[in-house]
Amino acid sequence: MFGKVFGRTGDRPEADPYALPAPRRKNGAYALRALGDTRVLAAVEAADAGDWGAVRTALAPFDLGRDHQVLGQLAVLDGVQEWIGRAVEEDEEHRALALLISGARHINWGWEARTSARAVDVTREQWQIFHERLRIAEQQLFEAAELRPDWITPWRHLLTSARGMSLGRPVAETRRDAALRRDPLDLEVHLEWLSQLQPRWGGEAGEALEFARAAFAAAPDGHRLGCVVAMAYVEEWVESDDSACLQQPGIRTELRQAAERSILHPAYGRRLGWQGDYNMFAMALSLAGSSTASNVFRELEGVYTEWPWTFMSEPRKAYTRFRKAF
């Protein structure tokens with residue numbers, strides 16, 4: 001499977017020299033580690049050890065200013081916040097990179113303090129820590145964006161912090177537009193805006209799905225932006241009190257067509273982290289009861305990514321249950 005990470009080449013794709021070996025499977029499924037890539041794993045292990053020099057070396061093949069997935073592997077790593085500040089202060093040459101990693105980490109660290117509880121259930125102390133960490137993130141990400149005007153990832157994370165700090169729609173729109181000027185088809189930016197449009201964040205019902213449809217309509221065949229349609233329906237399921245709300249013929253048809261024009265299209269390129277795209281469609285198609293889910297699960301060959309299954313109470317079990325069902 002991992003030999004197909006960087007796209008199909010005829011009937012016999014070239015093996016990926018950086019692919020991590022698949023681990024022993026539990027119930028036929030296993031979690032994707034370090035995007036399935038030895039170079040990303042080296043960066044994660046170096047960051048876990050607090051070795052900034054080794055982190056920089058491991059990241060050399062990647063552009064974190066545009067690669068959301070690789071940056072995300074470091075942003076969720078506990079402990080990075082303990083040493084990344086020294087890199088920001090001491091490594092002038094790579095200050096922008098250190099600021100970017102620190103800012104992304106502080107946003108994740110802030111959400112860890114807030115937890116996923118409903119706003120009314122978050123304590124005053126949790127809110128204080130949350131906002132303190134987001135304020136640090138904002139300062140660092142703005143500086144990173146100033147140092148590297150071509151980067152898109154700072155703006156994607158500034159969208160997240162704007163939502164968390166309730167800075168309002170005009171501020172969020174300005175940041176969204178700044179990101180999309182750098183890449184009008186960037187999936188992760190579209191997904192952040194999709195979250196902003198949810199009723200729980202002040203959006204109107206149906207607004208997110210309308211946005212997703214328009215965005216994908218402007219994308220070429222085989223583009224991963226089709227995932228924004230899948231996630232729009234997953235978000236509708238999250239917002240609904242009806243667990244069967246997606247099991248409608250029209251929704252099944254739309255999701256199937258979106259999958260066929262994006263991840264299942266011959267023009268789709270299996271870039272690093274492609275399994276995340278497939279997991280988004282796997283969840284949406286499964287919730288809709290679409291038989292197309294079987295095609296997606298078959299291509300995944302048991303690879304599970306935590307997001308977006310975290311919307312369910314037992315993510316891995318949910319993935320396994322749906323995989324067996326289709």
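Reader: Let's start with H10. Which residues are exposed on the other side of that helix?

Author: Glu210, Ala214 and Ala217 are exposed there. Bear in mind that this is a predicted model.

Reader: And how do I read the buried side of a helix?

Author: Start with the general idea: an α-helix has 3.6 residues a turn, so residues three or four places apart point the same way. Now the case here. Helix H10 covers residues 207-217, and its buried residues are Ala208, Leu209, Phe211, Ala212, Ala215 and Phe216. Looking down the axis of H10, these buried residues fall within an arc of 160°, so they line one face of the helix.

Reader: What covers the buried residues of H10?

Author: The cover includes three helices: H9 (187-196), H11 (227-239) and H12 (249-261).

Reader: Okay, on to pairs. How do I describe two helices that pack together?

Author: Two packed helices are described by the angle between their axes and the distance between the axes. As for handedness, H7 passes H8 in a left-handed crossing.

Reader: Which residues of H7 and H8 make the contact?

Author: From H7 you have Trp155, Leu158, Leu159, Ser161 and Ala162, while H8 brings Ala172, Arg175, Arg176, Ala178, Ala179 and Arg182. Sorted by class, the contact of H7 with H8 has seven nonpolar, one polar and three charged residues.

Reader: I also clicked on Val171 in H8. Where does that one stand?

Author: Val171 sits in helix H8 and is partly exposed, with a relative accessible area of 30%.

Reader: What about H1 and H3: at roughly what angle do their axes cross?

Author: Roughly 25°, and the axes of helix H1 (residues 38-48) and helix H3 (residues 68-75) come within 9 Å. That angle makes H1 roughly parallel to H3. The crossing of these two helices is right-handed. In the contact, Val40, Ala43, Val44 and Ala47 of H1 meet Val70, Gln73 and Leu74 of H3. The class tally for H1 with H3 is six nonpolar, one polar and no charged residues.

Reader: Is Phe62 buried or exposed?

Author: Phe62 is buried, at a relative accessible area of 15%; the cut-off for buried is under 20%. You'll find Phe62 in the loop between helix H2 (52-59) and H3. Leaving aside residues up to four places away in sequence, Phe62 touches Asp37, Arg39, Val40, Asp67, Val70 and Leu272. Val40 and Val70 also turn up in the contact of H1 with H3.

How values were computed: Residues are numbered from 1 along each chain as its sequence is written. This is a predicted model: local features need pLDDT of at least 70, side-chain atom pairs count only at pLDDT 80 or more; totals for chains, interfaces and linings use all residues. Side-chain values use heavy atoms; hydrogens and water are left out. Buried means under 20% relative accessible area, exposed over 50%, partly exposed in between (1.4 Å probe, protein chains only). Helices (H or I, at least four residues) and strands (E, at least two) are DSSP runs, numbered from the N terminus. The arc is that of the directions from the helix axis to the C-beta atoms. Contact means heavy atoms within 4.5 Å. A crossing is left-handed if the near helix is turned anticlockwise from the far one by less than a right angle, and right-handed if clockwise. Ala, Val, Leu, Ile, Met, Phe, Trp, Tyr, Cys and Pro count as nonpolar, Asp, Glu, Lys and Arg as charged, and the others, Gly among them, as polar. Axes are lines fitted to C-alpha atoms, for helices over the stretch in contact, and angles run from 0 to 180 degrees between N-to-C directions. Angles under 35 degrees count as roughly parallel, over 145 as roughly antiparallel, 65 to 115 as roughly perpendicular and the rest as oblique.
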